[in-house]
Amino acid sequence: MPNRLINETSPYLLQHAHNPVDWYPWGEEAFERARAEDKVVLVSIGYAACHWCHVMERESFENEATAQVMNDLLVSIKVDREERPDVDGIYMSAVQQLHGHGGWPLNVFLLPDGRPFYGGTYFPPADRANMPSWTRVVAAVNDAYRNQRDAVLQNARVLTDALQNASSFAMADEDVNEALLAQASAGIVSLHDAEHGGFGGAPKFPQSMPMEFLLARNSRTADADALEAVEASLAAMHDGGIYDHLGGGFARYSTDRFWLVPHFEKMLYDNALLVSLYTQAFQATGDARYREVVEETTAYMLRDLRHPDGGFFSSQDADSEGVEGRYYVWAPQEIESVLGADDTRLFRRYYGVGVHPNFEGRHILHVRDSAAAAGRELGIDSGALLERLQPMRRALLERRGERVPPATDDKVLTAWNGLTLRALAEAAFALDQPDLRDAAERNAEFLLREMHQEGRLLRTWKDGKAHLLAYLEDYALLINGLLSLHTATFSHRWLHEARALTKEMLALFWDNEGGTFYDVGTDHEELIVRPRDFTDNATPCGSSAAAEALLRMAVLTGDESLAGKAERLMRGVAPLTVRYPLGFGNWLRTMERHIAPSTEVVVVGDPSDERTKALLGPLRRRLPSFAFVGLAPGEASPFPTPLLEGRTLADAPTAYVCRGYVCDLPARDADTLTKQLDRSAGLDTDTADLLLRPPPNG
């Protein structure tokens, strides 16, 4: 018989709907029962693609005897951390206060009023080494609550005070300047693994946002160390087992420092961030390998993660048929049965399928060394080798499709779709790919139609139903995605939608007294603390994404109050970015953009006109660090600002490059535009005689 989770939309919660545990979804009903029966509340938090969440479910939550103990002693709540990052963030912080670390599954024990007093992560079904069994933990917690109530209440007071102190974090007030960014950049580069790429040791995560910062910094200061760290890391990630060499896309992280053995779950947000990163690497270097990664990864996202209506699903599991990685790994005889002996010889050499398996008796595909080295050994030209490998990859991908695939978490989250919208729009513009532009537009239309209801953005959608109030990150990441989509399309609809969402965001989340944002809106349910997180983790935090959105909107609309709020936010976290630069990557990228020479670009023309496309060429080859407005000839300006005054009277495709609203002469060809962009970037600052205020007729 199903429990109360059967009425939820989250795939993670639905996975637990037939557990014998008497699960509740997060809500007042569970806490009312706990107060009425004077019981401890368990909040168990995870997500659909979490391997150890599945393990604990199989071992404990599906066990009748274990479930009976839980039902007798606890009121049990299941939470999808992706739907409720506020609840997850609060109780993760509590466990980190207790143990110095956290993770998922997260299991936290609360008083009936919601205050935590004990918790941990995974617990086994029987005592193991230094880990007590789950039933022993539950019994001990209940015994402490019944017989040592004063100690439990003291624990709850201490933890709650710590959480409230963290939420009332006093913002600093430090200049964001070149010295700060240089120190942060050096700090990140010092963590670079020069031998294997990436940053730090195992487990090794893609550090997309810090690397975007390094790319932006290199484009302004020609920082060779920063560029080298990025390029080495991008090559290592692509060559390793973390990359799906048949189907495209990246796994969550590498369990080793070599990028060989991944944790096989695939997350939408990782792939969106990596598409943005590899797109920018292509713009910065022109290296075709980066373009190939973007094309293959976006193809994966469009093929395996897209709903027919245009939204993107959240993730794919690490497990298939109950075994981690089974869907992705190969035995040599399987490969030969598809490719034949001759092609298998080439394929095995290039993709590292040797004599000895590298993962539980099977092989993770990875690029062992360069095509040139493989070609020399095989007696074939490197270009010819790569060409021959293409149909082999397609054939094996088709065969792999006959296997039982990993489960897909098919809920649509606004924040992660905002990241995806931006990634698709930036790639569409940089690579001039209409299919990616069309996918981005469909995604934006979906989000605005399905996720924005009665003047309020919502967090999650599945099977036609959207619910849960959106958080700061949802608003900010969608705004940034819409602004990037305007660059790819010239459509003013996206600018107007972004402006409207910015007004909503400020009304709901801005704390005028503290000069910061909260992560939850003024209309949100009351929690034990009102959370605000300033750290960029696997995704940009809401505040850093909001700071970037405000800076971008300020330039386009001329509203300096927006820039003032963004500057206050950046000054508030500035000291932390130097101390912990890997944890503030999106902040640093936004700060770099803020102190770089201001560049505003207005292009007048039909984006489908070949002349306009040619004029856009120099912009496609630059990192997306400029403010951009596209105008069709004769079209009204979207905002009444001096930057846009009189622009639509141009009679041919025309670009205007401005610095702080002071503009160069109109550019009607790519060479002239290139020179102006170079000057705007600070490559030639002694040409003030070429600058003038634009006359009313443009």
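## Disulfide links

In this predicted model, the link of cysteine 658 and cysteine 663 is right-handed, with 95° about the S-S bond. The sulfur atoms of this pair lie 1.9 Å apart, and both cysteine 658 and cysteine 663 are buried.

The structure holds two disulfides. The other joins cysteine 50 to cysteine 53, with an S to S distance of 2.3 Å. Here too the link is right-handed, with 80° about the S-S bond. Cysteine 50 has a relative accessible area of 3% and is therefore buried; for cysteine 53 the value is 2%, so this residue is buried as well. Counted along the chain, the bonded cysteines follow the pattern 1-2, 3-4.

## Nonpolar cores

The largest nonpolar core contains 171 residues, and the members that touch the most others are Trp134, Met505, Phe517, Trp587 and Leu619. Helix 17, which spans residues 414-431, supplies the largest share of this core with 11 residues.

Helix 9 covers residues 208-221 and includes serine 208. Serine 208 is buried, because its relative accessible area is 6%, below the 20% limit for that class. Apart from residues within four places in sequence, serine 208 is in contact with Leu273, Leu274 and Leu277.

Two packed helices are described by the angle between their axes and the distance between the axes. For helix 9 and helix 10 (residues 224-239), the angle is about 140° and the axes are 8 Å apart. The two helices are therefore oblique to each other, since the antiparallel class begins only over 145 degrees. Their crossing is left-handed. On the side of helix 9, the residues that meet helix 10 are Met211, Leu214, Leu215 and Asn218. Their counterparts in helix 10 are Ala224, Ala226, Leu227, Val230, Ser233, Leu234 and Met237.

## Helix 18 and helix 19

Helix 18 (residues 434-450) and helix 19 (residues 472-489) have axes that come within 10 Å and cross at roughly 140°. Helix 18 is therefore oblique to helix 19, and the crossing of this pair is left-handed.

The contact between the two helices involves Arg437, Ala440, Glu441, Ala444, Leu447 and Leu448 from helix 18. These residues meet Leu478, Leu482, Leu485, Ala488 and Thr489 in helix 19.

## The loop between strand 17 and helix 21

Aspartate 523 lies in the loop that runs between strand 17 (516-517) and helix 21 (542-557). With a relative accessible area of 37%, aspartate 523 is partly exposed, because the value falls between the limits of 20% for buried and 50% for exposed residues. Setting aside residues within four places in sequence, aspartate 523 is in contact with Arg456, Leu469 and Leu508. Aspartate 523 and phenylalanine 509 are separated by 14 residues in sequence, and their C-alpha atoms are 9.5 Å apart in space.

Threonine 539 is also placed in the loop between strand 17 and helix 21. Threonine 539 has a relative accessible area of 14% and is therefore buried, whereas aspartate 523 is partly exposed. When residues up to four places away in sequence are not counted, threonine 539 touches Met209, Tyr269, Leu273, Trp416, Leu419 and Glu473. Among these, Leu273 is also a contact of serine 208.

Technical notes. Residues are numbered from 1 along each chain as its sequence is written. This is a predicted model: local features need pLDDT of at least 70, side-chain atom pairs count only at pLDDT 80 or more; totals for chains, interfaces and linings use all residues. Side-chain values use heavy atoms; hydrogens and water are left out. A nonpolar core is a set of buried Ala, Val, Leu, Ile, Met, Phe, Trp, Tyr and Cys residues joined through side-chain atoms within 4.5 Å. Buried means under 20% relative accessible area, exposed over 50%, partly exposed in between (1.4 Å probe, protein chains only). Helices (H or I, at least four residues) and strands (E, at least two) are DSSP runs, numbered from the N terminus. A disulfide is a pair of cysteine sulfur atoms within 2.5 Å. Contact means heavy atoms within 4.5 Å. Axes are lines fitted to C-alpha atoms, for helices over the stretch in contact, and angles run from 0 to 180 degrees between N-to-C directions. Angles under 35 degrees count as roughly parallel, over 145 as roughly antiparallel, 65 to 115 as roughly perpendicular and the rest as oblique. A crossing is left-handed if the near helix is turned anticlockwise from the far one by less than a right angle, and right-handed if clockwise.
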